[in-house]
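Please open the model in a viewer and keep the selection tool at hand.

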Amino acid sequence: MVGMELTRSPSQPGWPSPGAVLALLKPITWFPPMWAYACGAVATGHGLGERVGFVLLGVILAGPLLCGMSQAVNDWFDRHVDAINEPDRVIPSGRMPGAWGLYIAVAMSLLSLLAAWALGPLIFGASVVGLAFAWAYSAPPFRFKQNGWIGNGVVGFSYETLPWLTAATAMTGTLPDRTMIVVALLYGLGALGILTLNDFKAITGDKAMGIRTLPVLHGARPAAVIACVIMAGAQAGVVGVLAASALPLTALTVGGLLVLQVGCMVHFVRDPVARAVWYSAVGVGLFVSGMMVTALGLATLAGAAG
């Protein structure tokens, strides 16, 4: 009864409006996986050519379908928590009536699988992994989001590593090489730190609801240090891979962007609760810029090999 009261009242419509559906899918969150997908495509050094359809369908798969689906799943299984902490969100406010949040999550999952199947068995397999992680992140009995290490790690892998490798596969039709896999894994690891930035704004509510984010587990300043070390360490690993791959200029550029981030990190760590949003804009912008620089460098490597 409580769940129904949270999501519907007699005066509410039986069908969600297009605006409510869009709010549930949160287009603003589609950028990270779509950016990672673009980086993976660029890193192969291949022109679009006859693969353009695969690339465009892959972008839709990474952003609106898989990422949008993950947002719907998360909002559905968090609807009771949101009714307390964020009652204006689309489900607890009643703009998404009845069980439509769940129906949309299931429909988006099926559409994701259909699109992935059209892209071939390798991409289908990767998409099944991403889809499983999205449901396990929010839904019982797993609820990976209950632990900041596991939850943010899973999302980082799903948002950065999988789209990067999926795009590389879509461009070439084959599995990426070892260098590409290592770089994609490192950027996925770095995303764990980025995702921790979102947890500083809800420390009180997360404590009350038993959600063990890094700031809840370790305290605000230690969690900020941990997040920064993870982000910096992952990028330092990328610099090492680039240097070892005979890409000194690319390694130097990514290293320079990392140095700028370290300066921002020092400022952020002094007051992480107040400056998390600021660092998300400035520091993360430098991080994702480094991703594309890395992709361009790997593209030259692929071109020389070809």
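Buried here means under 20% relative accessible area, exposed over 50%, and partly exposed in between, with a 1.4 Å probe and protein chains only. The model is predicted, with local features needing pLDDT of at least 70 and side-chain atom pairs counting only at pLDDT 80 or more, while totals for chains, interfaces and linings use all residues. Residues are numbered from 1 along each chain as its sequence is written, and side-chain values use heavy atoms, leaving out hydrogens and water.

Select D82 in helix α5, residues 79-85; helices (H or I, at least four residues) are DSSP runs numbered from the N terminus. D82 counts as buried because its relative accessibility is 5%. Setting aside residues up to four places away in sequence, D82 touches D75, P87, R89 and P92, contact meaning heavy atoms within 4.5 Å.

Next, select the cysteines. The structure holds zero disulfides, a disulfide being a pair of cysteine sulfur atoms within 2.5 Å. For C67, the closest cysteine sulfur, in C39, is 15 Å away, too far for a bond. C67 is buried at 2% relative accessibility.

Move on to C228, whose nearest cysteine sulfur, that of C264, is 9.8 Å away. C228 is also a contact residue of helix α12, alongside α13.

Finally, display helix α12 (residues 220-244) with helix α13 (residues 248-270): their axes, lines fitted to C-alpha atoms over the stretch in contact, come within 9 Å and cross at roughly 175°. α12 is therefore roughly antiparallel to α13, a label for angles over 145 degrees between N-to-C directions, on a scale from 0 to 180.

Conventions. Helix = DSSP H or I, 4+ residues; strand = E, 2+ residues; numbered from the N terminus. Parallel < 35°, antiparallel > 145°, perpendicular 65-115°, else oblique.
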